[in-house]
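Me: I have a new model open on my screen and would like to learn how to read it. Could you take me through it feature by feature?

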Amino acid sequence: MARRAVDHGIAVREANLADIDRIVEIEDASFPDPYPRGLLKAFLYMPGAYMVATDCGTIVGYTIGIIRHRTLGHLVSVAVAPGSRREGVGRALIGEALARLADAGAKRFMLEARESNAPAIGLYKRMGFSEAGKIEKYYADGESAIVMELNGSSGSRT
Ligand SMILES: CC(C)(COP(=O)(O)OP(=O)(O)OC[C@H]1O[C@@H](n2cnc3c(N)ncnc32)[C@H](O)[C@@H]1OP(=O)(O)O)[C@@H](O)C(=O)NCCC(=O)NCCS
């Protein structure tokens, strides 16, 4: 699918197999418990929206959203390279993923975020999500997850 320019030279497009090395690099730099390469690859073959953001051709972030139960868009992950944060890349990625998940039939969206992850929770709130619950000890290190939800009609693309 064609690239869509979004902001300041940043473009968001569908991810493909050739992007995996860079996605793994960003993943490893972003999480204490990164997804393994095999899983990051496997998501390419699931229905949903697997997007990368590029800046002058270099991948600076990615997001994965999948469709579950036909109408639920589940945002599985988003990460932006440390040197490219606070420039609107996360917002561009999530906006495009939500739009594509909606095009694929999602009527509502959900995600989990670490309770301590203020940047992520801030980003999701900025995109219209609100806190819907908490799952105690969701992560392997014992941290709880905040569950966030968004109804399809109230999302923001930018
Ligand atoms: C969370 C993350 C993806 C945000 O990406 P980003 O490109 O820096 O986000 P944006 O520049 O698009 O910011 C969008 C909004 O998110 C919020 N936000 C982003 N970074 C923030 C920070 N450090 N502190 C507080 N709020 C923050 C703000 O509301 C911001 O809007 P504003 O710039 O108008 O104030 C990035 O910090 C990241 O990759 N973190 C590590 C991986 C991670 O935790 N992923 C989420 C897993 S649930």
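Me: Let me start with the ligand: which elements each supply at least two residues of the shell around the ligand?

Reply: A quick word on ground rules comes before that. This is a predicted model, where local features need pLDDT of at least 70, side-chain atom pairs count only at pLDDT 80 or more, and totals for chains, interfaces and linings use all residues. Residues are numbered from 1 along each chain as its sequence is written. Elements are DSSP runs numbered from the N terminus: helices are H or I with at least four residues, strands are E with at least two. A residue is near a molecule if its C-beta atom, placed from the backbone, lies within 6 Å of it. Here, S5, H3 and helix H4 (118-126) each supply at least two residues of the shell, and H4 gives the most, with 6 residues.

Me: Which residues come nearest to the ligand, and how does the shell divide by residue type?

Reply: Ala, Val, Leu, Ile, Met, Phe, Trp, Tyr, Cys and Pro count as nonpolar, Asp, Glu, Lys and Arg as charged, and the others, Gly among them, as polar. The shell divides into 10 nonpolar, 5 polar and 5 charged residues. Of the 20 residues around the ligand, those that come nearest are Arg85, Gly90, Pro119, Gly122 and Leu123.

Me: Now the whole chain. How many helices and strands are there, and in what order do the elements run?

Reply: The chain has 4 helices and 8 strands. Reading from the N terminus, the order is β-β-α-α-β-β-β-α-β-α-β-β.

Me: What does the radius of gyration say about the chain?

Reply: The radius is taken over C-alpha atoms, and the globule rule is 2.2 Å times the number of residues to the power 0.38. For 158 residues, a compact globule would come out near 15 Å, and the chain agrees because its own value is 15 Å. Along its principal axes, the C-alpha trace spans about 40 × 35 × 30 Å.

Me: How do I read strand pairing, and in which sense do S3 and S4 pair?

Reply: Two strands pair if DSSP finds at least two bridges between them. Strand S3 (residues 48-55) and strand S4 (residues 58-68) are antiparallel, over 8 bridges, and Ala49 stands opposite Gly65 in S4. The two strands make a hairpin with 2 residues between them, where Cys56 in the turn has a positive phi of about 50°.

Me: And where does the sheet go from S4?

Reply: S4 also pairs with strand S5 (residues 72-80), again antiparallel over 8 bridges. Ile64 stands opposite Ser77 in S5, while Tyr62 has Ala79 of S5 as its bridge partner. This hairpin has 3 residues between its strands, and His69 in the turn has a positive phi of about 50°.

Me: Which residues have the most contacts inside the largest nonpolar core?

Reply: A residue is buried if 20 or more other C-beta atoms lie within 10 Å of its own, exposed if 12 or fewer, and partly exposed in between, with C-beta atoms placed from the backbone. A nonpolar core is a set of buried Ala, Val, Leu, Ile, Met, Phe, Trp, Tyr and Cys residues joined through C-beta atoms within 7 Å. The largest such core has 35 residues, and Met51, Ala53, Tyr62, Val89, Leu93 and Ala97 have the most contacts inside it. Its largest share, 7 residues, comes from H3.

Me: What does Tyr62 touch?

Reply: Two residues are in contact if their C-beta atoms, placed from the backbone, lie within 7 Å. Not counting residues up to four places away in sequence, Tyr62 touches Ala15, Ile23, Ile26, Met51, Val52 and Ala79.

Me: Let me try helix H2 (residues 37-42), where Leu40 is found. Is Leu40 buried or exposed?

Reply: Leu40 is buried, because 21 other C-beta atoms lie within 10 Å. Leaving aside neighbours within four places in sequence, Leu40 is in contact with Ile20, Ile23, Val24, Glu27 and Tyr35.
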